[in-house]
Amino acid sequence: MKWLFFVSILAVVSTTVTAQNPSEALSGEHTLGERFMIMKTKSQSYGAYKVIKETTLDGVWKIYADSLAAKKVALGTANGTIKGLKGQLDGKIAELKTKEQSVAVIEHASTHIEVLGMDMLKATFITVMAVTIAGLLLLLVLVVGRMKLQSNSLSERSLAVSALTNEFEDYKHRAMDKQTKLSRELQDERNKLQAMIRNS
């Protein structure tokens with residue numbers, strides 16, 4: 001039993017001598033996880049327990065609290081920046097929508113035309129106007145052709161009337177000549193008859 005008592009005292013003394021200073025966790029540039037591991041590994045052990053100085057524990061807690069406060073400040077700053085950027089993004093989105101609407105209006109104006117209160121595509125308007133102009137030209141050609149036909153017909157009729165008039169004039173002259181000749185002959189015969197009557 002004495003032997004067991006000496007072994008346990010020797011173990012306690014050896015851990016006390018070999019234990020390192022856990023206050024190293026308070027100094028230097030370490031992450032929070034590294035500080036915790038330094039504090040845990042370099043503190044004294046008492047059976048299943050770790051013995052940590054209260055000042056070291058308070059120092060590590062203060063570092064944790066300061067780090068947490070700095071993270072909260074950084075998070076608040078980041079949230080403020082995010083809100084500012086979100087506001088800028090919303091403004092840019094609204095500006096982009098306004099530009100898209102004005103581009104749509106310009107594009108509509110460049111591809112459409114309003115004629116007699118009707119909104120139609122310029123291509124449709126050009127097609128309708130081309131068909132209308134072609135129809136009018138075709139109608140003009142038909143009218144001109146018909147007028148030429150009528151003009152030719154009128155000139156033929158005029159020539160026919162002129163020929164008939166000439167024929168009629170010739171006939172009239174011949175008839176007048178014949179009538180005059182017959183009148184003379186008749187007068188001659190009357191004269192002869194009267195002369196016969198007087199002589200008898």
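Author: Let's start with a pair of charged side chains: lysine 62 makes a salt bridge with aspartate 66, and their closest N and O atoms sit 3.0 Å apart. Keep in mind that this is a predicted model. Both partners, lysine 62 and aspartate 66, belong to helix H3, and they are 4 residues apart, about one turn of the helix. The structure as a whole holds 4 salt bridges.

Now for the neighbour. Helix H3 covers residues 54-111, and it packs with helix H2, residues 32-41, at an angle of about 170°, the two axes being 11 Å apart. Since anything over 145 degrees counts as roughly antiparallel, that angle makes H2 roughly antiparallel to H3.

So who touches whom? From H2 come Leu32, Arg35, Phe36 and Met39, and on the H3 side they meet Thr56, Leu57, Val60, Ile63, Tyr64 and Ser67. Sorted by class, this contact of H2 with H3 has 7 nonpolar, 2 polar and 1 charged residues.

One last stop, away from that pairing: Met129, Ile133, Leu137, Leu140 and Val144 form a nonpolar patch on the surface, and together they have about 430 Å² of accessible area. Of these, leucine 140 lies in helix H4, which runs over residues 122-199.

Methods: Residues numbered from 1 in each chain as written. Predicted model: local features only at pLDDT ≥ 70, side-chain atom pairs only at ≥ 80, totals over all residues. Heavy atoms only, no water. Axes fitted to C-alpha atoms, helices over the stretch in contact; angles between N-to-C directions. Helix = DSSP H or I, 4+ residues; strand = E, 2+ residues; numbered from the N terminus. Parallel < 35°, antiparallel > 145°, perpendicular 65-115°, else oblique. Contact = heavy atoms within 4.5 Å. Nonpolar A, V, L, I, M, F, W, Y, C, P; charged D, E, K, R; others polar. Patch = residues over 30% accessible without salt bridge, like charges linked within 9 Å, V, L, I, M, F, W, Y side chains within 5 Å. Areas by Shrake-Rupley, 256 points an atom, 1.4 Å probe, with all protein chains shown as cover.
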